[in-house]
Amino acid sequence: MQLPEKGTNREPESGVVTSHLPEHGANPRRVYEKLGMEAPAELIDFSENCNPSGPPAAVLELWPKLISRLNGYPDPSGEPFLSVAANYHGIEVSSVIAGNGAAELLSLIAERYRGKRAIVVHPTFSEYETTLQAKGVEIVRLIASEEDGFKLPQEAILDSLPSASAIYLCTPNNPTGILPERADLLSIIHKAGEVGCEVVLDEAFIDFIDEGKSFIPQVKEFPHVIVVRSMTKMYAIPGIRLGYAVAHPDVIASLKSQVPHWNVNGMAAAIGAVCLEQEAYREAAIRHAKEEREKMTVFLKQHGCIVIDSVANFLSFKPLNAGKLYTDMLKQGIVLRHSENFHGMDGHYLRIGMKSSEEMEKLRGKLVEWFENELDRA
Ligand SMILES: Cc1ncc(COP(=O)(O)O)c(C=O)c1O
């Protein structure tokens with residue numbers, strides 16, 4: 001299945017009208033609006049991937065005090081968050097830049113490659129291409145193969161590096177949830193260094209695995225590597241917009257010279273500093289994501305679906321008829337993430353973000369009914 005041409009509606013055999021579907025998960029009511037469907041009063045949004053336990057209790061306690069920050073300009077470099085983030089990773093403040101979400105940093109980073117070429121390995125987060133194309137960057141699009149379990153196409157990557165100024169890798173990857181092997185990552189990074197290609201590693205979801213898997217401790221050895229982090233997912237604070245990037249101080253200085261003044265609001269900077277102190281909260285979130293992901297994987301496989309081996313707080317799976325399942329679930333207030341704009345998945349997969357145990361159970365209940373109905377119809 002290819003993405004439909006702009007402005008056309010398509011009704012494939014799957015029965016879902018796929019044109020104009022939102023490019024991202026979350027904002028579920030927009031899905032209904034775009035499909036011209038009436039949204040049920042109650043929705044469960046499995047299309048977004050934030051920690052279902054909500055922001056840490058310490059953030060809610062801090063909330064009333066944040067009102068005093070409204071009438072003052074924030075710190076222009078994002079303090080106190082910046083120093084807490086540097087301390088959290090044991091690195092110098094000069095190696096970190098705070099941003100209005102990882103999204104702002106991706107846009108800022110894309111500017112480095114204006115008029116050049118960048119490699120994007122699909123299926124992956126659509127903002128890499130969107131931000132790069134906005135800066136006139138030519139995209140070298142590589143596609144991980146389904147037959148190969150969506151593993152990084154290592155040979156094609158190594159062959160392409162000399163022709164590009166940057167490569168973007170999502171670690172773990174959204175939407176597959178696959179974390180590349182460290183040896184594969186290192187061989188890409190070494191070769192990229194030799195041929196003058198920068199490596200952008202997006203670790204937006206690494207908090208859900210283990211901080212020990214982050215590339216941040218090694219960034220000082222590799223001045224051509226930029227690591228992007230999001231505070232949105234683990235700390236369930238998508239509304240406040242906070243992220244950061246770690247790189248060589250010269251790269252950070254150059255990014256800082258481009259960033260709008262006061263890009264991080266004062267409330268976000270205070271909240272982010274508190275979030276990074278929440279060790280027990282993080283551990284509980286990692287445990288929960290793993291338990292629910294494993295339970296859902298077994299369930300989906302039992303019902304004949306192909307499930308990608310994710311290590312993140314979401315998983316992608318391929319049922320017999322993804323389009324029909326997607327729309328049938330929408331009718332019942334269950335919003336999954338379609339894969340129409342994930343090149344290489346092309347609508348055949350659906351992604352589920354791990355929610356509370358009750359919500360996951362509810363989803364399994366709806367899915368069982370659907371699988372049984374489909375079996376009866378066959
Ligand atoms: C892989 C990936 N990177 C970055 C982002 C952006 O995160 P933020 O909310 O910090 O802008 C997202 C959001 O969905 C994402 O999925």
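Which residues are the closest to the ligand, among those that surround it? In this predicted model, the ligand is surrounded by 15 residues, and the closest of them are Asp202, Ser230, Thr232, Lys233 and Arg241. By residue class, the shell around the ligand divides into 8 nonpolar, 4 polar and 3 charged residues.

An N or O atom in the side chain of Asp202 is placed 2.6 Å from a nitrogen atom of the ligand, while a polar side-chain atom of Ser230 lies 2.7 Å from an oxygen atom of the ligand. For Asn174, a polar side-chain atom is found 2.9 Å from an oxygen atom of the ligand. Taken on its own, the ligand has 400 Å² of accessible area, of which the protein covers 90%. Two or more residues of the shell come from helix 4 (101-110) and likewise from helix 8 (232-235); helix 4 gives the most, with 3 residues.

Arg241, one of the closest residues to the ligand, also has a backbone feature to be noted, in that its phi is near 65 degrees, a positive value in a residue other than glycine. The residue is located in the loop that runs between helix 8 and strand 8 (243-246), and Arg241 counts as partly exposed because its relative accessibility is 26%, a value in between the cut-offs of 20% for buried and 50% for exposed residues. A positive phi, again near 65 degrees and again in a residue other than glycine, is found at Phe150, which belongs to the loop between strand 4 (138-143) and helix 6 (154-160). Phe150 has a relative accessible area of 6% and is therefore buried. From Phe150 to Leu179 the C-alpha to C-alpha distance is 11 Å, with a separation of 29 residues in sequence.

The bond that joins Glu79 and Pro80 is cis, with omega at about 10 degrees, and Pro80 is situated in the loop between helix 2 and helix 3 (81-89). The bond from His122 to Pro123 is also cis, with omega near -5 degrees, and here Pro123 lies in the loop that separates strand 3 (117-122) from helix 5 (127-134). As background to these backbone features, most residues other than glycine have a negative phi, and most peptide bonds are trans.

The largest nonpolar core contains 58 residues, and those that touch the most other members are Phe81, Ile167, Leu201, Phe215, Val225 and Met231. Among the elements of the fold, helix 10 gives the most to this core, with 7 residues. Residues of the core are drawn both from domain 1 (28-54 + 280-377) and from domain 2 (57-277), so the core lies between the two domains. In soluble globular proteins, nonpolar side chains tend to be buried together.

Arg229 counts as buried because its relative accessibility is 1%, where buried means under 20%. The side chain of Arg229 makes a polar contact with the side chain of Glu203, at 3.1 Å.

Glu277 is placed in the loop between helix 10 (266-275) and helix 11 (279-302), and Glu277 is exposed because its relative accessible area is 57%, with the cut-off for exposed residues at over 50%. Glu277 and Ile44 are separated by 233 residues in sequence, and their C-alpha atoms are 30 Å apart in space. Leu60, a nonpolar residue, is part of helix 2 (residues 57-62) and counts as exposed because its relative accessibility is 54%. Between Leu60 and Asn373 there are 44 Å in space, C-alpha to C-alpha, and the two residues are 313 residues apart in sequence.

Conventions: Residues numbered from 1 in each chain as written. Predicted model: local features only at pLDDT ≥ 70, side-chain atom pairs only at ≥ 80, totals over all residues. Heavy atoms only, no water. Helix = DSSP H or I, 4+ residues; strand = E, 2+ residues; numbered from the N terminus. Buried < 20%, exposed > 50% of the residue type's maximum accessible area, 1.4 Å probe, protein only. Near = heavy atom within 4 Å. Polar contact = N/O pair within 3.5 Å; in protein donor to acceptor, adjacent residues only side chain to side chain. Areas by Shrake-Rupley, 256 points an atom, 1.4 Å probe, with all protein chains shown as cover. Core = buried A, V, L, I, M, F, W, Y, C linked by side-chain atoms within 4.5 Å. Domains from an automatic or database assignment.
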